[in-house]
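Please go through this briefing on charged side chains and strand pairing with the model open. It is arranged by topic.

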Amino acid sequence: MQGTQEKHKEDTTTMAKLTESMTNVLEGDSMDQDVESPVAIHQPKLPKQARDDLPRHISRDRTKRKIQRYVRKDGKCNVHHGNVRETYRYLTDIFTTLVDLKWRFNLLIFVMVYTVTWLFFGMIWWLIAYIRGDMDHIEDPSWTPCVTNLNGFVSAFLFSIETETTIGYGYRVITDKCPEGIILLLIQSVLGSIVNAFMVGCMFVKISQPKKRAETLVFSTHAVISMRDGKLCLMFRVGDLRNSHIVEASIRAKLIKSKQTSEGEFIPLNQTDINVGYYTGDDRLFLVSPLIISHEINQQSPFWEISKAQLPKEELEIVVILEGMVEATGMTCQARSSYITSEILWGYRFTPVLTLEDGFYEVDYNSFHETYETSTPALSAKELAELAGRAELPLSWSVSSKLNQHAELETAEDEKNPEEQTERNGDVANLENESKV
């Protein structure tokens, strides 16, 4: 019995060890699988504020954030105003508010304003006729009504339209026995003129807006960075598709990039000027044919320390603005576009589009957006300037002058240490004598 019990205990112990070892193996396999598995671990959904508060290196490694445009390629600003409580400010400038509305709302308001005024004054004309008793003496030839041939609300509504629009069919006319009608006629005529001036003026301004003129002002789909006259430059191309030119055209550019100050203040979408020739006058354009706008990347440029490898990692946007007056109307026109980091090509140039034909120049807009690759260093402008500074030598430098400088230094050292020189000469002489012996 004792032997059987001891054997049973040994079997139980052995099974326990086997179970423990299998458990460890399984746990080790699962841990290795968790470590080596390429499947991404699903993280719990967090509120937007919590996601924004995550460390920047974690958010960059685990998620690829899409760059949100501040200005779209078609020039429309990608900004929505929310939680505006002082809405009465829109009513104080009702004319601009109506002009800024979309066409469908503008036409709806245009029709509603006229219809409401016609109905309102038609109701008043009908009330005057009803109060005076004209409705009860419609077929009485001895009765002088306020408005002849007005026998109901429909006829009063038609008379209101004829009065406000000054149509005057001659079938319904006001008589001189109705002073209240004469006063109402004056009020409706003046008010109708004001409504006509306001609504027609609003429609005219909306039709003549130069926004559609900006549709024929085109920007290149990409911006490029390459060498020009020995300097690293950022370039983009603009053109005008119409034969009527833009007068007093000017170009400017803004860098949209969030920054953090030395005090720790975070400034979202900070705007920095990009010099495109303001001090030299190159920003004022004669836009007859497509032009390449160039920004020299120098110490004042926000791209001074950005290299080719660092450019895709930057979260920035370049907004370009072209302004000028429409030659046909004299109204100011503005066209906008933008470039994000994925739309900036390093080491490329624009393909020429202007050719000389028989007696004129021809622009090939099929090649307007085309670029070709060119030899461009991948270093930043700062690094290129440092390399150039190390390799640069004074203009007055020459080999002979350099040797003369060395000779003068040796002579000065000899004059300062004559004794040491004598000892050296003596040592050399002794060594020569010893070698002879």
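The side chains of Asp240 and Arg213 meet in a salt bridge, with 3.0 Å from N to O; a salt bridge here is a side-chain nitrogen of Lys or Arg within 4 Å of a carboxyl oxygen of Asp or Glu. Asp240 lies in strand E3 (residues 231-240) and Arg213 in the loop between H8 and strand E1 (217-219), so the pair ties together parts that are 27 residues apart in sequence. Helices (H or I, at least four residues) and strands (E, at least two) are DSSP runs, numbered from the N terminus. This is a predicted model, in which local features need pLDDT of at least 70 and side-chain atom pairs count only at pLDDT 80 or more, while totals for chains, interfaces and linings use all residues. Residues are numbered from 1 along each chain as its sequence is written, and side-chain values use heavy atoms, with hydrogens and water left out.

**Salt bridges**

- Asp240 and Arg213 are both buried, where buried means under 20% relative accessible area, exposed over 50%, and partly exposed in between (1.4 Å probe, protein chains only).
- The whole structure contains 13 salt bridges.
- One of them joins Glu343 to Arg69, with the closest N and O atoms 2.2 Å apart.
- This pair links distant parts of the chain, 274 residues apart: Glu343 is in the loop between strand E9 (332-340) and strand E10 (344-346), and Arg69 is in the loop between helix H3 (56-62) and helix H4 (88-92).
- Glu343 counts as buried because its relative accessibility is 13%, and Arg69 is buried at 16%.
- Arg69, Glu343 and Lys73 are linked in a network of salt bridges.
- Glu162 forms a salt bridge with Arg172, and their closest N and O atoms are 3.6 Å apart.
- Glu162 sits in helix H7 (residues 153-165) and Arg172 in the loop between H7 and helix H8 (179-207), 10 residues apart.
- Glu162 and Arg172 are both buried.

**Surface charge**

- Glu357, Asp358, Glu362, Asp364 and Glu370 gather in a surface patch of negative charge; patches are made of residues with over 30% relative accessible area and no salt bridge, like charges being joined within 9 Å.
- Glu357 is placed in the loop between strand E12 (354-356) and strand E13 (361-363).
- With 34% relative accessibility, Glu357 counts as partly exposed.

**Strand pairing**

- Strand E4 (residues 246-260) and strand E5 (residues 266-274) pair in the antiparallel sense over seven bridges; two strands pair if DSSP finds at least two bridges between them.
- Lys259 has Ile267 in E5 as its bridge partner.
- E4 and E5 form a hairpin with five residues between them, and Gly264 in the turn has a positive phi of about 95°.

Key
Patch = residues over 30% accessible without salt bridge, like charges linked within 9 Å, V, L, I, M, F, W, Y side chains within 5 Å. Areas by Shrake-Rupley, 256 points an atom, 1.4 Å probe, with all protein chains shown as cover. Lys, Arg positive; Asp, Glu negative; His and termini not counted. Charge placed at Lys NZ, Arg CZ, Asp CG, Glu CD.
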